[in-house]
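User: Could you help me read a structure? I would like to go through it step by step.

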Amino acid sequence: MTAVTAVTDHRDHSDPTGGSGEAHGSGPSGTSGAEGEPNPGRTSRATGRDSGHARVEDDDQGSEDARGNRRPRETDGAWDDGLIARRVSQAGDDGAAGDTEGGAGGEGGAHEGRGGAHGGAESRGGADASPGSTLYETQLRGRLDSLRELIGLSRTRLDRKTLAEAGRVLDEAAARRRLSEEHTVVAIAGATGSGKSSLFNALAGVTISDAGVRRPTTAAPVACSWTDGAAGLLDRLDIPMRLRRRPAKSPDGEAQLRGLVLIDLPDHDSAVAAHREQVDRILALVDAVIWVVDPEKYGDAVLHERYLRPLAGHAEVTFVVLNQVDRLPGDAAEQVLDDLRRLLDEDGIALGEYGEPGATVLALSALTGEGVGELRDALDQFVAERGAAVRRISADLDAAAARLRPLYAAERRPGLSEAAREEFADRLAEAVGAEAAGEAAERAWTRNANKACGTPWLRLWRWYEARNAPLALRPRPGPQAPVDEEAAARQRVEQAVRMVANKAAYGLPAPWAQAVREAAARGGQGLPEALDEVAVTAGPPAGRPPRPGWWPLAVLVQASMTILQVIGGLWLLGQVIGITSPNLGVPVLLMSAGIVGGPCVERACGVAVRGPARRYGAEAERRLREAAAACGKAHVLDPVGAELLRYQEVREKYVDVIGVGRTGGVTKLSTTSR
Amino acid sequence: MLQKGSKIGHSSHVVTFDVRPQLLDALSVLRDRVAATRFPLPVAGAARARANREELLLQLDDYLVPRLKEPEAPLLAVIGGSTGAGKSTLVNSLVGRQVTEAGVLRPTTRTPVLVCHPDDQHWFSGKRVLPQLARVRATKQETWRGRRPPARPGGRALRIETVDTLPPGLALLDAPDVDSLVAENRLLAAELICAADVWVMVTTAARYADAVPWHLLRTAKEHNVTLVTVLDRVPHQVVTEVSRQYAALLTKAGLGDAPRFTVPELPESAGGGGLLPSTAVAPLRTWLVHRAHDMGARRQAIVRTANGVMNSLGARMPELAGAVAAQHAAALRLTAAVDEAYEEEHARVRGRLQAGAVLAGDALKRWRAYPLDCTPEELLDALVESLGTLLLNAVAAVDERVEEAWRHEPGGLAPGLTVRAPGLENAEHRIGMTVRRWRRVLEEHAEDEVRGLDAAPDMRRTSRGVAPDPEAVAALLATALLGGRRGRSAGENLAERIGAHGALRLRDRGGRLLTSYVDKVLSVERERRLAPLDALGVHPEPQAELIAALSVMQKER
């Protein structure tokens with residue numbers, strides 16, 4: 001459409017990729033303590049970049065960082081993934097720093113680094129000298145295997161597209177493994193007119209690729225291999241036979257650049273979209289890249305936003321050369337080179353300066369030959385190491401892991417707290433009415449006891465009252481419904497399941513949270529019916545409730561009180577009639593004792609009955625509550641727990657993918673750091 | 001009404017266009033309509049529509065309206081192009097003095113510089129064009145060779161330089177690059193290009209095939225603006241070949257008629273500070289001065305650009321209107337998802353109420369124990385709480401469904417919508433309040449009924465004058481209403497207490513009350529769920545308004 005649209009759209013498009021590269025390093029890195037119980041000792045943490053610092057014994061700054069960052073990190077309460085601790089320990093191992101107090105690597109502060117990917121590459125530094133296959137065995141194989149298992153484990157939970165991307169890394173790694181390890185495939189990429197082909201020719205020593213003024217010049221990739229046996233690699237890149245060349249034979253440089261396969265790419269920024277596609281395709285397959293920039297174009301957005309930022313993790317297999325320095329007068333070349341370094345740093349690309357691993361930045365002129373020798377030397381050394389393929393795969397793996405991070409890394413420790421389980425049980429108990437049942441049982445028991453121990457007169461009076469009362473007001477037992485279907489409150493059960501599922505899923509990555517919710521919902525489907533049954537089976541037992549031992553005694557005493565009253569009354573009656581001798585004292589005494597004693601006994605029983613009644617009610621409530629809780633556990637909590645366990649398992653695999661798969665690290669760190 | 005310059009001829013000294021005030025009115029209405037559109041929902045094309053809207057506003061504010069209002073204002077030529085193409089050097093060379101810093105670090109120009117004759121300064125120092133850029137005083141001898149220019153706080157500014165070597169009636173604007181890493185530069189450049197009468201696109205021998213400038217060129221063609229291209233920094237040995245290829249590319253893109261100028265690469269062009277010899281830029285300078293002085297050429301340049309912009313409105317406004325319609329459609333779909341969920345859940349709640357689901361669990365246990373081991377108050381408490389849970393559960397279920405449905409809607413990912421409305425706890429509180437209010441009203445009804453019973457003793461069937469307890473009546477009533485089949489005996493009991501007639505009346509009133517409260521709860525929650533969507537203010541009206549404004553404008557031209 002229009003200019004503005006073009007620019008913004010472009011930005012929209014490229015930002016996420018650029019962003020993801022950075023988000024990687026600055027992800028949650030809270031308190032340490034890997035899988036087990038929180039271990040206060042494992043407070044050291046660092047992103048990969050800083051572990052790198054630590055490794056080159058840049059300890060002072062590192063420890064300062066650590067101290068500065070430790071406190072706030074601990075208080076933010078995020079769950080430590082253990083991802084960082086592992087890598088730190090790894091760096092500590094490699095660096096073999098003498099003071100193990102916290103591990104040298106552990107001192108690295110958690111920078112807002114761009115570093116996960118880089119850190120992975122970093123740890124390789126120690127084994128630089130070993131040939132490629134050993135590197136692969138020691139470092140990469142475990143991680144690749146873990147990634148494969150990770151994909152297998154999460155296939156049912158994650159969408160196919162996300163996993164396919166990670167699977168592609170595996171495929172490419174396997175494909176590269178099958179091909180020659182002796183060769184290192186290096187692509188020359190850059191903008192149109194930057195002088196890619198000129199540099200290519202300068203390195204090869206002959207004019208292989210047309211370097212012209214017509215833009216864009218090169219339309220198809222051209223290959224040049226210094227040694228034989230690269231046919232398989234070039235087949236993989238899909239470079240036709242006629243575009244495969246050999247360099248000029250030079251008498252002295254016979255041994256130089258052995259094993260190098262150089263690819264001259266088309267531009268990535270011209271109006272011809274097909275060129276861009278080719279560049280993207282080949283960049284994904286080569287072992288290393290030489291980015292050619294020139295003084296006019298080194299600040300182009302396309303280069304930085306579309307290519308360099310997303311590939312920031314690949315710094316170690318990246319060369320950036322500033323071509324055409326012959327066009328710059330005086331010290332301008334140095335200025336431009338510095339500015340280029342600054343831009344690269346802003347892109348998140350580690351620069352290989354001062355012996356640190358990272359991208360190599362050079363200034364040269366393919367036209368005059370100035371600086372080409374340096375590049376040749378750097379390339380020679382790089383190719384001789386034969387580590388590029390492994391580093392590239394490793395960087396790819398890091399990038400893939402970084403992309404997967406939001407799918408696996410949790411914000412907090414997954415699992416249900418005791419409080420949440422308790423709350424769930426409470427809600428279920430409410431759904432079956434445990435508390436109400438308990439109270440009802442207690443009151444019924446009290447009522448029965450009072451009835452049994454009350455004075456007959458009072459009972460007689462109450463009966464009379466009740467008889468005369470209007471029909472409707474007469475207390476009567478509730479309708480004796482035999483068994484209630486749907487006795488458990490559906491809405492309460494549903495709500496309880498929903499709440500507990502939300503609590504369990506809280507903080508989990510979206511797909512796993514969804515899985516947990518689904519597990520809970522599935523379990524919750526049969527739950528109300530099961531609770532209905534519980535309400536029947538675990539309800540108050542039919543028949544008479546148990547009675548305390550003193551009860552018959554109380555009844556006896558109450559009866560004797562009544563008998564006393566009757567005897568006293570009869571005696572008095574006999575005196576009135578004249579059957580017995582007049583003796584007022586004793587019968588009156590007897591009668592009044594009975595009259596006073598009856599209510600007293602009733603009152604005393606009323607007090608004495610409270611305790612057992614409460615116990616009886618509590619027992620009824622507990623039975624119902626426990627049965628409901630057991631039901632809930634079997635139906636909901638267990639499946640949810642299984643799902644959480646599954647997530648945990650997958651997460652551990654993910655940690656294996658991220659960290660370097662050596663298991664000793666964590667234990668070592670946890671024992672050495674208090 | 002704009003007329004082709006050729007018809008008027010060269011004679012008139014003061015340039016006047018016959019611009020009718022109605023056209024200006026129509027344009028200002030159109031501008032307001034465009035400004036009023038919003039695209040908050042991230043549906044397909046929304047980002048494009050937002051950019052489109054921004055650009056339309058810029059073109060209207062920065063170019064079209066000021067140009068039509070004051071046709072005699074100086075001609076503004078914007079020098080735009082890639083970073084490192086040599087725009088600043090070109091401007092400096094055109095005016096013969098260093099007015100804008102050129103350098104080797106990319107991107108060099110961050111603050112645009114406007115160069116004009118001192119007599120013309122008043123046209124640009126005000127807010128006539130580019131009102132959103134703060135004017136900065138011309139600073140003498142401010143060079144940053146070898147250093148980064150200090151970042152300007154607040155960023156966006158326009159520096160105005162006056163030189164008398166430039167003829168009056170012509171202003172040059174040195175724009176930032178269109179393709180460097182600094183995003184603000186790119187946006188600013190696009191903005192400045194919108195304000196131009198003449199676009200001067202600068203490219204180089206290394207750049208002429210770059211994708212980004214070509215994009216701009218195509219845009220220029222679309223808008224039919226007055227366009228000049230400059231092929232800069234061409235090494236001597238390849239001048240002919242490169243310029244021939246460039247011409248071929250331009251012709252292929254349909255821009256063959258745009259004037260082309262070639263500036264060779266000279267030692268001065270790389271050095272940063274130096275000016276190119278005047279011979280190198282003479283043809284371009286002559287062309288520009290001719291545009292400024294010759295009335296016919298000037299009018300032609302202006303009319304072409306202005307007409308181009310107005311013509312482009314004919315395609316861009318309907319596009320904007322279409323995007324508005326898409327927004328509205330997306331909003332409707334979101335609303336429909338909520339409505340559907342609430343309707344279904346409402347039906348489910350009604351079903352549950354009829355089935356007596358409220359009288360379950362603890363409420364059921366209370367009812368079984370009533371009246372011997374349970375007070376009416378406890379029974380009412382349990383029932384009310386159970387009813388509250390039923391409603392809360394319904395709302396939570398709807399929430400889940402809506403969330404699920406919105407996740408699959410493109411519009412449902414709008415930033416305002418994904419932030420969940422503050423929690424269910426609040427819903428719990430609100431529902432609890434409503435349910436308790438229902439209980440109070442129910443109790444009042446029961447009291448009324450019992451009092452009525454007292455007042456009319458003949459209606460009573462009680463023989464001994466014992467008035468039934470209002471609390472018990474309320475509890476029985478609630479049980480009868482909420483208990484479904486299970487609560488039938490409560491209804492019978494109620495009838496025994498206050499008479500069949502009274503019981504019927506009471507149940508009727510209570511039932512209506514229950515329905516209205518349940519409806520109220522659900523509709524309140526529904527409103528709250530829709531509130532963030534409503535707050536986005538997506539309406540269908542702007543669509544028609546945009547089209548109407550466009551047709552008015554087209555009629556007035």
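Predicted model: local features only at pLDDT ≥ 70, side-chain atom pairs only at ≥ 80, totals over all residues.

User: Let us start with strand E5 of chain B. How many of its residues are buried?

Analyst: Strand E5 (residues 170–174) of chain B has 5 of its 5 residues buried, so it is largely enclosed by the rest of the structure. B:Leu170, B:Leu172 and B:Asp174 point one way, while B:Ala171 and B:Leu173 point the other way.

User: And which strand pairs with E5(B) in the parallel sense?

Analyst: That is strand E1 (residues 75–81) of chain B, over 5 bridges. B:Leu170 of E5(B) is the bridge partner of B:Leu75. Strand E2 (residues 113–116) of chain B is also joined to E5(B), by 4 bridges, and these two run antiparallel. There, B:Leu114 stands opposite B:Leu173.

User: New topic: how many salt bridges are there over all chains?

Analyst: A search of the whole structure finds 73. One of the salt bridges is between B:Glu161 and B:Arg97, whose closest N and O atoms are 3.7 Å apart. This pair links distant parts of the chain, 64 residues apart: B:Glu161 is in strand E4 (residues 157–162) of chain B, and B:Arg97 is in the loop between helix H4 (87–95) and E2.

User: Is B:Glu161 buried or exposed?

Analyst: B:Glu161 is buried, because its relative accessible area is 4%, and buried means under 20%. B:Arg97, at 33%, is partly exposed.

User: What about B:Arg430, with which residue does its side chain meet in a salt bridge?

Analyst: The partner of B:Arg430 is B:Glu525, at 2.9 Å from N to O. B:Arg430 belongs to helix H15 of chain B and B:Glu525 to helix H18 (residues 500–535) of chain B, 95 residues apart. B:Arg430 counts as partly exposed at 21% relative accessibility, whereas B:Glu525 is buried at 5%.

User: Now the surface. Which residues form a positive patch?

Analyst: B:Arg436, B:Arg437, B:Arg440 and B:Lys520 form it. Helix H15 (residues 424–455) of chain B gives the most to this patch, with 3 residues. B:Arg437 lies in that helix and is partly exposed, with a relative accessible area of 32%.

User: And which residues gather in a patch of negative charge?

Analyst: Those are A:Asp326, A:Glu370, A:Glu374 and A:Asp377. A:Glu370 sits in the loop between strand E7 (360–363) and helix H13 (372–385) of chain A. With a relative accessible area of 47%, A:Glu370 is partly exposed.

Terms used: Residues numbered from 1 in each chain as written. Chains lettered and ligands numbered in written order. Heavy atoms only, no water. Patch = residues over 30% accessible without salt bridge, like charges linked within 9 Å, V, L, I, M, F, W, Y side chains within 5 Å. Areas by Shrake-Rupley, 256 points an atom, 1.4 Å probe, with all protein chains shown as cover. Salt bridge = Lys/Arg side-chain N within 4 Å of Asp/Glu carboxyl O. Lys, Arg positive; Asp, Glu negative; His and termini not counted. Charge placed at Lys NZ, Arg CZ, Asp CG, Glu CD. Buried < 20%, exposed > 50% of the residue type's maximum accessible area, 1.4 Å probe, protein only. Pairing = 2+ DSSP bridges.
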